[in-house]
Amino acid sequence: MVQGAKAGTTKRSGRPGPAPSSLKTPPLKNEGLTQEQLLQAYNDMLLIRRFEEKAGQLYGMGLIGGFCHLYIGQEAVVVGMQMCLKPGDQVITSYRDHGHMLATGMESRGVMAELTGREGGYSRGKGGSMHMFSREKGFYGGHGIVGAQVSIGTGLAFSNMYRNDGSVCLTYYGDGAANQGQVFESYNLAALMKLPVIFIIENNKYGMGTSAERASASKDRSKDGTPWGIPGEQVDGMDVQAVKAAGERAVAYCREGNGPYILEMKTYRYRGHSMSDPAKYRTREEVQKMREQHDPIETIRKILLEGGMDETKIKTVDDKVKTIVADAAEFAQTSPEPDEKELWTDILVEAR
Amino acid sequence: MGATILMPALSPTMTEGKLSRWLKKEGDTVAAGDVIAEIETDKATMEVEAVDEGQITKILVAEGTEGVAVNSAIAELDGGDSKNAAGGPQQPVSNATKAGGETAEVAKQAEDHGAVAAKGAAKGEGSAAQAKGPEQEPEKDWGPTKTQTVREALRDAMALEMRADDTVFLLGEEVAQYQGAYKVSQGLLDEFGPKRVVDTPITEHGFTGMAVGAAMSGLRPIVEFMTFNFSMQAIDHIINSAAKTLYMSGGQLGCPIVFRGPNGAAARVAAQHSQCYASWYAHVPGLRVLAPWSAADAKGLLRAAIRDPNPVVFLENEILYGQSFEVPEDDDFILPIGKAKIERRGKDVTIVAFSIEVGLALKAAEKLAEEGIDAEVINLRSIRPLDTETIVNSVKKTNRLVTVEEGWAFSGIGAEVAMQVIEHAFDHLDAPPVRVAGLDVPMPYAANLEKLALPTVDHVVDAAKSVTYKK
Ligand SMILES: Cc1ncc(C[n+]2csc(CCOP(=O)(O)OP(=O)(O)O)c2C)c(N)n1
Ligand SMILES: [Mg+2]
């Protein structure tokens, strides 16, 4: 970890103005978060990291099939945003969804068992890595068609407006998805109807093998809502504190009934697009540099230590996370395959 | 405690690979995330990362070794995992063997298709030549052949047509720099440059409409959908713009365009990524719908599709991409649109199939032969227009019909084939036709459920027996 090499968002007060186009380098310190809050964020990010590493391992062993998209590197985004929510708020995302589920409080066991296609999985083995849901935790999936969740998330926000319940919907999508036509249709709908939706672009620089530069003529995605008057910010998505700060501004704006908000998270995925991606479109050095200089978990660990946090306290978190993940992996391997009868359930709701 | 490094699976269908290079040697220390080796599959070269930290005490598989099975030990960390070394059933490994077995089964099924493929192709050609009777003219003999994968045959077809006609161009997601998400467009960017091999953003509705517009003004686009599941984003342009404009313009605005990509079930990718769209597109007047099985089908039909002045939906299959078949070497080799191929002659029952299910049908025919039932297998090749004549002539001879498709039976291709037979040869039927099809459910992810949802050789055998009253 190189001191001071981290980038962060420019902090602004009051109403959002135009987004900063260049990121400045903040000091390594607590920015509005207490040591205890930081330790919680560290815990939540580490859980996602270790969970995903284990998932990669199980995939290699043939226990997980099909596509498996890991979230390693992007942990600060969901963890920072989740800190801004209250019960009743909703979250929706793409197929790169394991981190989002864990952040909303869904159980590691149920998520891992869905990856292995077992009865104990959130969808009883019928959805797999890309398709899990939890109404209880406000998690609405888990969608495999690039961009589709953006319109659906706008619809979740519509129901919030309709019920006037003060809830907001976090709608996550990638830099590649941000080019789909329905994304722009959603911007217009949300702005027109003043829907409480936060559009969160997880710009990890690539959509599969295509860099963001090669896929969009729009260079600052936080400004994509400008024609409809949607405010936007670019945020250092590798810095959980910057994410949380921007998230609070966005959530407050939405809850006040002002309509949608765009957050472009500058982030990075360390692994390939899915497990079978040879990743020839970027250099090993590029990945290594991100890992060494901008790792969201290492950054927080360092701030904790510099702030005087007892190292054994951090170690306790490390151990706890390790135990949770090992237990989830064990559960995912011992939970039985779904009963054959499951083939024919859940196709339609039986009318009463 | 040490650990054993196992050969990882890097894609849903991978069962083995080549260990092409070690980046670490015995004695080196590695940390989680370090790249330790490179392995090669038929699609790509991939890096293997360490998941544990420790010292590599032993390399068990030398670099350059081919056919290294997934989950076999390739190296030892810190002396290796004692449980594993002792051959004891280590928990994850035994589970992996089970799951690996399932993967192997998929591969084996694919292999079955392949094995039959080679034989079927050879036999098909031969028996067609000796066939007598009015059913079907023997297919043109294109002379010497070479062995090619379906993937290569598709690439060659595009390259040949692009060389011959500079209005032909390819566009889609990852087709250029990445060489195709499934490596079908390998080498095309190098040969034809970025003007004719065009990477698009993930905007199916937009780029499909754009391609339709280009076709209306005389260019000949080939639109690759990464898979046909994503053509749903663009289906409005395929149907409302491409298929109908010639009619609406009183014949002024044709649309010479090909929509191609993998269609149908892939392995373990769940409901949104595993579906057959044949019957969706076959429903629409103004479209042609082709579905190749062998590499020769792929090459001959894709060339015909590109030259055709109409919109053509060209349904490939991911699992077939890596399979090899004999393909005529003749530079002019092309197949007609609208003609089915009798892959196997028989007198007792007609089995009609398309795409990957042709391999399944041929396999079933072999099994049926062992039981004294002589099945005729028809490879549709073209779904719209449908070669009703070949099907009807066959049923007039066998008096029995079984259809096979991966998609859902309801309003499916089998339903249409059976209805054509009922309309044209009702009096010749000795039994009600039977449809073998994917189960009427969205595709489940779980391995055991997925297996139950798709047609198998045994389903086809059982159906053939039931229509011949042998069961
Ligand atoms: C409509 C549609 N088109 C194509 C795909 C295939 N596909 C899956 S993920 C992906 C890349 C998406 O990139 P991005 O939105 O940046 O998300 P990331 O994977 O980086 O999280 C593509 C092209 C798809 N699933 N759906
Ligand atoms: Mg991306």
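Visitor: So does α5(A) pass α6(A) in a left-handed or a right-handed crossing?
Guide: It's a left-handed crossing, meaning the near helix is turned anticlockwise from the far one by less than a right angle (clockwise would be right-handed). Keep in mind that this is a predicted model, where local features need pLDDT of at least 70, side-chain atom pairs count only at pLDDT 80 or more, and totals for chains, interfaces and linings use all residues. Residues are numbered from 1 along each chain as its sequence is written, chains are lettered from A and ligands numbered from 1 in the order written, and side-chain values use heavy atoms, without hydrogens and water.

Visitor: Where do the axes of those two helices come, and at what angle do they cross?
Guide: Helix α5 (residues 148-163) and helix α6 (residues 181-193), both of chain A, have axes that come within 8 Å and cross at roughly 15°. That makes α5(A) roughly parallel to α6(A), a label for angles under 35 degrees, with over 145 being roughly antiparallel, 65 to 115 roughly perpendicular and the rest oblique.

Visitor: And what's the angle between α1(A) and α10(A)?
Guide: About 150°, with the axes of α1 (residues 35-60) and α10 (residues 296-306) of chain A 10 Å apart. So α1(A) is roughly antiparallel to α10(A). Their crossing is left-handed.

Visitor: New topic: which residues come nearest to ligand 1?
Guide: Of the 22 around it (a heavy atom within 4 Å), the nearest are Tyr95(A), Arg96(A), Gly144(A), Ala177(A) and Glu204(B).

Visitor: Why is the site shared between chains?
Guide: Because residues from both A and B surround ligand 1.

Visitor: What lies 2.5 Å from a nitrogen atom of ligand 1?
Guide: A polar side-chain atom of Glu204(B). Ligand 1 also has an oxygen atom 2.8 Å from a side-chain N or O atom of Arg96(A), and an oxygen atom 2.9 Å from a backbone N or O atom of Tyr206(A). These are polar contacts, pairs of N or O atoms within 3.5 Å.

Visitor: How much of ligand 1 does the protein bury?
Guide: The protein buries 96% of the 590 Å² that ligand 1 exposes when taken alone, by the Shrake-Rupley method with a 1.4 Å probe.

Visitor: Which peptide bonds are cis?
Guide: One runs from Gly141(A) to Gly142(A), with omega near 25°, and Gly142(A) sits in strand β2 (residues 139-142) of chain A. Another goes from Arg384(B) to Pro385(B), with omega near 0°. Pro385(B) is in the chain B loop between β20 (382-384) and α11 (388-398).

Visitor: What about phi at Lys194(A)?
Guide: Lys194(A) isn't a glycine, yet has a positive phi of about 50°. You'll find Lys194(A) in the loop between α6 and β4 (197-203) of chain A. Helices here are DSSP runs of H or I with at least four residues, and strands are runs of E with at least two, numbered from the N terminus.

Technical notes:
Polar contact = N/O pair within 3.5 Å; in protein donor to acceptor, adjacent residues only side chain to side chain. Axes fitted to C-alpha atoms, helices over the stretch in contact; angles between N-to-C directions.
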